[in-house]
Amino acid sequence: MGNQRKKGTYKIGVIPGDGVGPEIIREGLKVLEAVRQKFSLKFELVNYDFGGERYLKTGEILPDSAIEEFRKLDAIYLGAVGHPDVKPGILEHGLLLKLRFALDQYINLRPVKLYPGVWTPIKDKGPEQIDYVVVRENTEGAYTGMGGCFKKGTPDEIAVQEDVNTRKGVERCIRYAYKVCQRRNRLKKITCCDKANVLTYAGDLWRRTLVEVGRDFPDIKQDYAFVDATTMWMIKNPEWFDVIVTNNMFGDIITDLAAVTQGGLGIAAGGNINPEGVSMFEPIHGSAPKYTGQNVICPVATIAAGGMMLDTLGETEAALAIEAAVAKATGEGHLKSLEAKKMGMSTSEAGDLLARFISG
Ligand code: IPM
Ligand code: MN
(Lines give C-alpha, C1' and ligand atoms only; values in the text may rest on other atoms or scores of the structure.)
(Ligands and ions follow the chains in the order given, each with its own letter.)
Protein backbone atom coordinates (compact mmCIF):
# COMPACT_ATOMS: atom_id res chain seq x y z
CA MET A 1 0.00 0.00 0.00
CA GLY A 2 1.11 3.53 -0.57
CA ASN A 3 2.05 2.67 -4.15
CA GLN A 4 1.00 6.12 -5.19
CA ARG A 5 4.05 7.43 -3.38
CA LYS A 6 6.60 5.29 -5.20
CA LYS A 7 9.16 7.70 -6.55
CA GLY A 8 12.61 6.16 -6.26
CA THR A 9 14.13 8.84 -4.03
CA TYR A 10 13.39 8.82 -0.33
CA LYS A 11 14.38 11.01 2.55
CA ILE A 12 14.63 8.76 5.58
CA GLY A 13 15.12 9.85 9.17
CA VAL A 14 17.26 7.39 11.08
CA ILE A 15 17.03 7.16 14.87
CA PRO A 16 19.53 4.51 16.02
CA GLY A 17 18.60 5.13 19.67
CA ASP A 18 20.01 3.36 22.70
CA GLY A 19 21.67 0.10 23.66
CA VAL A 20 21.97 -2.24 20.71
CA GLY A 21 19.99 0.23 18.55
CA PRO A 22 23.05 1.62 16.72
CA GLU A 23 24.48 -1.84 15.91
CA ILE A 24 21.23 -3.20 14.50
CA ILE A 25 20.46 -0.04 12.54
CA ARG A 26 23.95 -0.23 11.03
CA GLU A 27 23.07 -3.67 9.61
CA GLY A 28 19.63 -2.46 8.53
CA LEU A 29 21.27 0.36 6.58
CA LYS A 30 23.77 -2.09 5.08
CA VAL A 31 20.88 -4.10 3.66
CA LEU A 32 19.10 -0.95 2.47
CA GLU A 33 22.29 0.00 0.65
CA ALA A 34 22.25 -3.39 -1.10
CA VAL A 35 18.66 -2.92 -2.27
CA ARG A 36 19.40 0.66 -3.23
CA GLN A 37 22.07 -0.54 -5.64
CA LYS A 38 20.04 -3.40 -6.98
CA PHE A 39 16.85 -1.43 -7.61
CA SER A 40 18.46 1.93 -8.45
CA LEU A 41 16.81 3.73 -5.55
CA LYS A 42 18.05 6.89 -3.90
CA PHE A 43 18.06 7.44 -0.17
CA GLU A 44 18.84 10.64 1.63
CA LEU A 45 19.53 9.56 5.21
CA VAL A 46 19.20 12.04 8.05
CA ASN A 47 20.56 10.86 11.38
CA TYR A 48 18.95 11.84 14.70
CA ASP A 49 20.49 11.09 18.09
CA PHE A 50 17.27 11.02 20.12
CA GLY A 51 17.05 8.51 22.94
CA GLY A 52 18.07 7.92 26.55
CA GLU A 53 21.68 9.02 26.16
CA ARG A 54 20.74 12.44 24.84
CA TYR A 55 17.96 12.82 27.39
CA LEU A 56 20.41 12.17 30.25
CA LYS A 57 22.87 14.71 28.83
CA THR A 58 20.49 17.49 27.82
CA GLY A 59 17.08 16.75 29.38
CA GLU A 60 15.60 16.83 25.91
CA ILE A 61 13.60 13.88 24.57
CA LEU A 62 11.98 15.01 21.33
CA PRO A 63 11.59 18.73 20.71
CA ASP A 64 8.65 20.00 18.65
CA SER A 65 11.12 21.35 16.10
CA ALA A 66 12.22 17.77 15.39
CA ILE A 67 8.64 16.73 14.78
CA GLU A 68 8.28 19.56 12.27
CA GLU A 69 11.40 18.26 10.50
CA PHE A 70 10.04 14.72 10.55
CA ARG A 71 6.94 15.88 8.69
CA LYS A 72 9.13 16.50 5.65
CA LEU A 73 10.55 12.98 5.65
CA ASP A 74 9.28 10.02 3.66
CA ALA A 75 9.79 7.60 6.56
CA ILE A 76 11.57 7.04 9.86
CA TYR A 77 13.78 4.05 10.64
CA LEU A 78 14.11 3.45 14.37
CA GLY A 79 16.53 1.15 16.20
CA ALA A 80 15.50 0.99 19.84
CA VAL A 81 14.99 3.41 22.68
CA GLY A 82 15.31 2.59 26.36
CA HIS A 83 18.13 3.28 28.79
CA PRO A 84 18.79 1.57 32.13
CA ASP A 85 19.30 4.97 33.83
CA VAL A 86 16.03 6.44 32.56
CA LYS A 87 12.87 5.62 34.49
CA PRO A 88 10.48 3.40 32.49
CA GLY A 89 7.73 5.38 30.80
CA ILE A 90 9.67 8.58 30.10
CA LEU A 91 11.10 7.67 26.71
CA GLU A 92 8.07 5.58 25.79
CA HIS A 93 5.80 8.58 26.28
CA GLY A 94 8.21 11.31 25.25
CA LEU A 95 9.45 9.70 22.08
CA LEU A 96 7.55 6.70 20.77
CA LEU A 97 4.00 7.61 21.74
CA LYS A 98 4.57 11.30 21.07
CA LEU A 99 5.65 10.48 17.54
CA ARG A 100 2.73 8.13 16.95
CA PHE A 101 0.27 10.84 17.99
CA ALA A 102 2.01 13.83 16.40
CA LEU A 103 2.43 12.12 13.03
CA ASP A 104 -0.98 10.46 13.35
CA GLN A 105 0.46 7.00 12.75
CA TYR A 106 -2.89 5.41 13.27
CA ILE A 107 -1.94 1.89 12.23
CA ASN A 108 0.43 -0.45 13.99
CA LEU A 109 1.15 -3.15 11.45
CA ARG A 110 2.58 -6.41 12.71
CA PRO A 111 3.11 -9.20 10.21
CA VAL A 112 3.22 -12.59 11.92
CA LYS A 113 5.09 -14.92 9.63
CA LEU A 114 7.06 -17.98 10.52
CA TYR A 115 9.98 -18.10 8.10
CA PRO A 116 11.27 -21.49 6.96
CA GLY A 117 13.74 -23.10 9.34
CA VAL A 118 12.79 -20.86 12.26
CA TRP A 119 11.95 -22.58 15.52
CA THR A 120 8.47 -21.97 16.93
CA PRO A 121 7.31 -23.05 20.37
CA ILE A 122 4.05 -24.26 18.79
CA LYS A 123 4.31 -27.96 18.18
CA ASP A 124 3.18 -29.26 14.77
CA LYS A 125 2.82 -25.81 13.19
CA GLY A 126 4.99 -24.56 10.39
CA PRO A 127 5.26 -21.65 7.91
CA GLU A 128 2.04 -22.79 6.20
CA GLN A 129 0.07 -22.33 9.40
CA ILE A 130 1.64 -19.20 10.84
CA ASP A 131 1.15 -16.43 8.33
CA TYR A 132 -1.14 -13.57 9.24
CA VAL A 133 -1.10 -9.87 9.97
CA VAL A 134 -2.28 -7.95 13.00
CA VAL A 135 -3.61 -4.47 12.24
CA ARG A 136 -3.59 -2.66 15.56
CA GLU A 137 -5.23 0.74 16.02
CA ASN A 138 -2.34 2.95 17.15
CA THR A 139 -3.61 6.35 18.31
CA GLU A 140 -6.67 5.75 20.48
CA GLY A 141 -8.03 3.23 22.98
CA ALA A 142 -6.34 3.18 26.35
CA TYR A 143 -3.30 5.03 24.99
CA THR A 144 -4.71 8.58 24.77
CA GLY A 145 -3.94 9.35 28.39
CA MET A 146 -7.53 10.47 29.00
CA GLY A 147 -8.74 10.00 32.54
CA GLY A 148 -7.35 11.05 35.84
CA CYS A 149 -7.03 10.33 39.47
CA PHE A 150 -8.70 11.61 42.60
CA LYS A 151 -7.67 11.45 46.26
CA LYS A 152 -4.31 10.07 45.26
CA GLY A 153 -2.38 8.37 48.03
CA THR A 154 -5.42 7.98 50.26
CA PRO A 155 -7.46 4.85 50.90
CA ASP A 156 -10.20 6.44 48.76
CA GLU A 157 -7.97 6.88 45.72
CA ILE A 158 -9.68 6.56 42.34
CA ALA A 159 -7.84 6.04 39.05
CA VAL A 160 -9.78 6.22 35.81
CA GLN A 161 -8.12 5.49 32.47
CA GLU A 162 -10.48 5.80 29.55
CA ASP A 163 -10.76 3.53 26.53
CA VAL A 164 -11.38 5.98 23.69
CA ASN A 165 -12.95 4.74 20.46
CA THR A 166 -13.96 7.26 17.81
CA ARG A 167 -15.97 6.37 14.75
CA LYS A 168 -13.32 8.01 12.59
CA GLY A 169 -10.44 6.20 14.27
CA VAL A 170 -12.13 2.82 14.20
CA GLU A 171 -13.27 3.22 10.61
CA ARG A 172 -9.90 4.21 9.17
CA CYS A 173 -8.23 1.34 10.99
CA ILE A 174 -10.76 -1.19 9.77
CA ARG A 175 -10.62 0.14 6.21
CA TYR A 176 -6.84 -0.22 6.22
CA ALA A 177 -7.21 -3.80 7.50
CA TYR A 178 -9.58 -4.68 4.66
CA LYS A 179 -7.09 -3.28 2.15
CA VAL A 180 -4.29 -5.34 3.70
CA CYS A 181 -6.52 -8.40 3.46
CA GLN A 182 -7.39 -7.70 -0.17
CA ARG A 183 -3.76 -7.26 -1.08
CA ARG A 184 -2.65 -10.43 0.72
CA ASN A 185 -5.30 -12.37 -1.22
CA ARG A 186 -4.85 -15.34 1.09
CA LEU A 187 -7.82 -16.55 3.18
CA LYS A 188 -9.74 -13.33 2.40
CA LYS A 189 -10.85 -13.18 5.99
CA ILE A 190 -10.76 -10.40 8.53
CA THR A 191 -11.13 -11.18 12.22
CA CYS A 192 -12.27 -8.41 14.53
CA CYS A 193 -10.64 -9.09 17.90
CA ASP A 194 -12.52 -7.40 20.73
CA LYS A 195 -14.25 -7.94 24.05
CA ALA A 196 -17.75 -7.14 22.83
CA ASN A 197 -19.31 -9.38 25.47
CA VAL A 198 -18.12 -7.06 28.25
CA LEU A 199 -16.97 -3.79 26.66
CA THR A 200 -20.29 -3.50 24.91
CA TYR A 201 -20.22 0.12 23.66
CA ALA A 202 -16.80 -0.12 22.09
CA GLY A 203 -17.43 -3.64 20.83
CA ASP A 204 -20.65 -2.55 19.16
CA LEU A 205 -18.94 0.36 17.42
CA TRP A 206 -16.14 -1.88 16.10
CA ARG A 207 -18.50 -4.62 14.94
CA ARG A 208 -20.96 -2.28 13.21
CA THR A 209 -18.08 -0.53 11.51
CA LEU A 210 -16.62 -3.85 10.36
CA VAL A 211 -19.92 -4.67 8.65
CA GLU A 212 -20.41 -1.20 7.17
CA VAL A 213 -16.90 -0.86 5.77
CA GLY A 214 -17.12 -4.49 4.67
CA ARG A 215 -19.76 -3.51 2.10
CA ASP A 216 -16.92 -2.05 0.04
CA PHE A 217 -15.10 -5.41 0.22
CA PRO A 218 -17.78 -7.98 -0.60
CA ASP A 219 -15.32 -10.81 -1.25
CA ILE A 220 -13.79 -10.62 2.23
CA LYS A 221 -15.32 -12.73 4.99
CA GLN A 222 -15.97 -11.13 8.36
CA ASP A 223 -15.22 -12.97 11.56
CA TYR A 224 -15.21 -12.06 15.25
CA ALA A 225 -13.19 -13.34 18.17
CA PHE A 226 -13.05 -12.19 21.76
CA VAL A 227 -9.54 -11.24 22.73
CA ASP A 228 -9.19 -13.98 25.33
CA ALA A 229 -10.23 -16.63 22.82
CA THR A 230 -7.95 -15.03 20.22
CA THR A 231 -4.89 -15.74 22.36
CA MET A 232 -5.95 -19.36 22.59
CA TRP A 233 -6.46 -19.74 18.85
CA MET A 234 -3.20 -18.00 18.05
CA ILE A 235 -1.54 -21.01 19.67
CA LYS A 236 -3.97 -23.78 18.83
CA ASN A 237 -5.14 -22.79 15.33
CA PRO A 238 -3.00 -19.94 13.98
CA GLU A 239 -3.94 -21.08 10.46
CA TRP A 240 -7.44 -19.68 11.03
CA PHE A 241 -6.09 -16.15 10.82
CA ASP A 242 -5.40 -13.96 7.83
CA VAL A 243 -5.88 -10.39 9.08
CA ILE A 244 -6.73 -9.59 12.70
CA VAL A 245 -7.95 -6.05 13.36
CA THR A 246 -8.04 -4.82 16.94
CA ASN A 247 -7.77 -1.91 19.32
CA ASN A 248 -4.56 -0.41 20.67
CA MET A 249 -4.29 -2.29 23.95
CA PHE A 250 -5.45 -5.70 22.75
CA GLY A 251 -3.14 -5.30 19.77
CA ASP A 252 -0.21 -4.51 22.03
CA ILE A 253 -0.78 -7.66 24.05
CA ILE A 254 -1.54 -10.15 21.30
CA THR A 255 1.38 -9.05 19.11
CA ASP A 256 3.92 -9.99 21.78
CA LEU A 257 2.34 -13.42 21.90
CA ALA A 258 2.31 -13.51 18.11
CA ALA A 259 6.00 -12.55 17.98
CA VAL A 260 7.01 -15.53 20.04
CA THR A 261 5.09 -17.88 17.72
CA GLN A 262 7.03 -16.55 14.72
CA GLY A 263 10.38 -17.23 16.34
CA GLY A 264 10.65 -14.38 18.79
CA LEU A 265 11.99 -10.89 19.03
CA GLY A 266 14.96 -11.62 16.78
CA ILE A 267 12.69 -11.47 13.76
CA ALA A 268 9.52 -9.55 14.69
CA ALA A 269 9.16 -6.15 13.03
CA GLY A 270 6.52 -3.48 13.25
CA GLY A 271 5.38 -0.40 11.42
CA ASN A 272 3.72 2.68 12.89
CA ILE A 273 1.91 3.79 9.80
CA ASN A 274 0.14 6.87 8.59
CA PRO A 275 -0.88 5.77 5.09
CA GLU A 276 -1.20 9.41 4.05
CA GLY A 277 1.81 10.70 5.98
CA VAL A 278 5.12 9.79 7.57
CA SER A 279 5.48 6.27 8.97
CA MET A 280 8.03 4.79 11.34
CA PHE A 281 9.49 1.27 11.25
CA GLU A 282 11.26 -0.61 14.01
CA PRO A 283 12.15 -4.02 15.36
CA ILE A 284 9.72 -4.70 18.18
CA HIS A 285 12.45 -5.71 20.62
CA GLY A 286 13.94 -3.18 22.99
CA SER A 287 17.41 -1.75 23.42
CA ALA A 288 18.76 -4.88 25.21
CA PRO A 289 21.40 -2.94 27.19
CA LYS A 290 23.19 -6.06 28.40
CA TYR A 291 24.24 -6.92 24.83
CA THR A 292 25.30 -3.40 23.87
CA GLY A 293 28.47 -3.17 21.81
CA GLN A 294 29.08 -6.92 21.76
CA ASN A 295 28.07 -7.51 18.14
CA VAL A 296 25.97 -10.52 19.18
CA ILE A 297 22.38 -9.36 18.74
CA CYS A 298 20.26 -10.58 15.82
CA PRO A 299 19.69 -7.80 13.27
CA VAL A 300 17.00 -9.64 11.30
CA ALA A 301 14.03 -7.87 12.95
CA THR A 302 15.52 -4.49 12.06
CA ILE A 303 16.29 -5.64 8.53
CA ALA A 304 12.71 -6.92 8.17
CA ALA A 305 11.47 -3.54 9.43
CA GLY A 306 13.47 -1.94 6.62
CA GLY A 307 11.63 -4.22 4.21
CA MET A 308 8.28 -3.09 5.60
CA MET A 309 9.39 0.50 5.19
CA LEU A 310 10.14 -0.04 1.50
CA ASP A 311 6.85 -1.86 1.01
CA THR A 312 4.93 1.03 2.56
CA LEU A 313 6.81 3.46 0.33
CA GLY A 314 5.57 1.46 -2.64
CA GLU A 315 8.89 -0.29 -3.40
CA THR A 316 7.32 -3.73 -3.48
CA GLU A 317 10.10 -5.48 -5.39
CA ALA A 318 12.78 -4.20 -3.05
CA ALA A 319 10.69 -5.27 -0.07
CA LEU A 320 10.22 -8.74 -1.52
CA ALA A 321 13.97 -9.00 -2.08
CA ILE A 322 14.56 -8.41 1.63
CA GLU A 323 11.93 -10.98 2.54
CA ALA A 324 13.51 -13.51 0.21
CA ALA A 325 16.95 -12.86 1.71
CA VAL A 326 15.61 -13.45 5.22
CA ALA A 327 13.86 -16.65 4.09
CA LYS A 328 17.09 -17.87 2.46
CA ALA A 329 19.15 -17.13 5.57
CA THR A 330 16.75 -19.02 7.84
CA GLY A 331 15.56 -21.71 5.42
CA GLU A 332 19.03 -22.79 4.32
CA GLY A 333 20.31 -22.84 7.88
CA HIS A 334 22.85 -20.02 7.53
CA LEU A 335 21.51 -18.52 10.75
CA LYS A 336 21.54 -21.13 13.47
CA SER A 337 19.19 -19.19 15.69
CA LEU A 338 17.66 -15.71 15.96
CA GLU A 339 18.68 -15.32 19.56
CA ALA A 340 21.52 -13.14 20.71
CA LYS A 341 24.84 -15.04 20.88
CA LYS A 342 23.30 -18.12 19.26
CA MET A 343 23.21 -17.08 15.61
CA GLY A 344 26.46 -18.85 14.78
CA MET A 345 27.78 -15.51 13.54
CA SER A 346 28.06 -11.92 14.70
CA THR A 347 25.56 -9.10 14.17
CA SER A 348 27.68 -7.60 11.40
CA GLU A 349 28.24 -10.97 9.72
CA ALA A 350 24.48 -11.55 9.70
CA GLY A 351 24.03 -8.15 8.02
CA ASP A 352 26.77 -8.95 5.50
CA LEU A 353 25.10 -12.25 4.68
CA LEU A 354 21.70 -10.71 4.00
CA ALA A 355 23.22 -7.88 1.98
CA ARG A 356 25.12 -10.44 -0.07
CA PHE A 357 21.98 -12.48 -0.73
CA ILE A 358 20.33 -9.36 -2.09
CA SER A 359 23.24 -8.31 -4.25
CA GLY A 360 23.24 -11.90 -5.64
C1 IPM B 1 4.92 -1.56 21.41
C2 IPM B 1 5.45 -1.18 22.77
C3 IPM B 1 4.89 0.18 23.14
C4 IPM B 1 3.39 0.08 23.22
C5 IPM B 1 5.46 0.76 24.45
C6 IPM B 1 6.97 0.75 24.45
C7 IPM B 1 4.92 2.12 24.72
O8 IPM B 1 5.15 -2.15 23.71
O9 IPM B 1 5.22 -0.85 20.43
O10 IPM B 1 4.22 -2.57 21.28
O11 IPM B 1 2.83 -0.27 24.27
O12 IPM B 1 2.75 0.36 22.22
MN1 MN C 1 4.12 -3.86 22.91
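## Reading a ligand shell and a sheet

The shell around ligand 1 draws its largest share, three residues, from helix α4 (residues 90–102). The model is a predicted one.

Me: Which residues are around ligand 1?

Reply: Look for residues with a heavy atom within 4 Å of the ligand. Here they are E92, L96, R100, R136, Y143 and D252.

Me: Which side chain has an N or O atom 2.7 Å from an oxygen atom of ligand 1?

Reply: R100 has such an atom, at 2.7 Å from a ligand oxygen. Y143 also places a polar side-chain atom 2.7 Å from an oxygen of ligand 1, and for D252 the distance is 2.9 Å. Ligand 1 taken alone exposes 320 Å², and the protein buries 68% of that.

Me: Now the sheet, please. In what order do the strands of the open sheet come?

Reply: Strands in a sheet pair through backbone hydrogen bonds, parallel or antiparallel. In this structure, 10 strands make an open sheet with mixed pairing, ordered β2-β1-β3-β12-β11-β4-β5-β10-β8-β9.

Me: Why is one side of β2 and of β9 left without a neighbour in the sheet?

Reply: β2 (42–47) and β9 (221–226) stand at the edges and each has a single partner strand, so one side of each lacks a neighbour in the sheet. On average, neighbouring strands here are turned by 25 degrees against each other, direction ignored.

Me: How many bridges join β1 to β2?

Reply: Six bridges link β1 (residues 9–17) to β2, and the two run parallel. For K11, the bridge partner in β2 is E44. Helix α1 (residues 21–38) packs on this sheet, touching β1, β2, β3 (75–80) and β12 (279–283).

Note on methods
Residues are numbered from 1 along each chain as its sequence is written. Chains are lettered from A and ligands numbered from 1 in the order in which they are written. This is a predicted model: local features need pLDDT of at least 70, side-chain atom pairs count only at pLDDT 80 or more; totals for chains, interfaces and linings use all residues. Side-chain values use heavy atoms; hydrogens and water are left out. Two strands pair if DSSP finds at least two bridges between them. Helices (H or I, at least four residues) and strands (E, at least two) are DSSP runs, numbered from the N terminus. Axes are lines fitted to C-alpha atoms, for helices over the stretch in contact, and angles run from 0 to 180 degrees between N-to-C directions. Contact means heavy atoms within 4.5 Å. A polar contact is a pair of N or O atoms within 3.5 Å; within protein, one must be able to donate a hydrogen and the other to accept it, and residues adjacent in sequence count only if both atoms are side-chain atoms. Accessible areas come from the Shrake-Rupley method with a 1.4 Å probe; for residues, only the protein chains shown count as cover.
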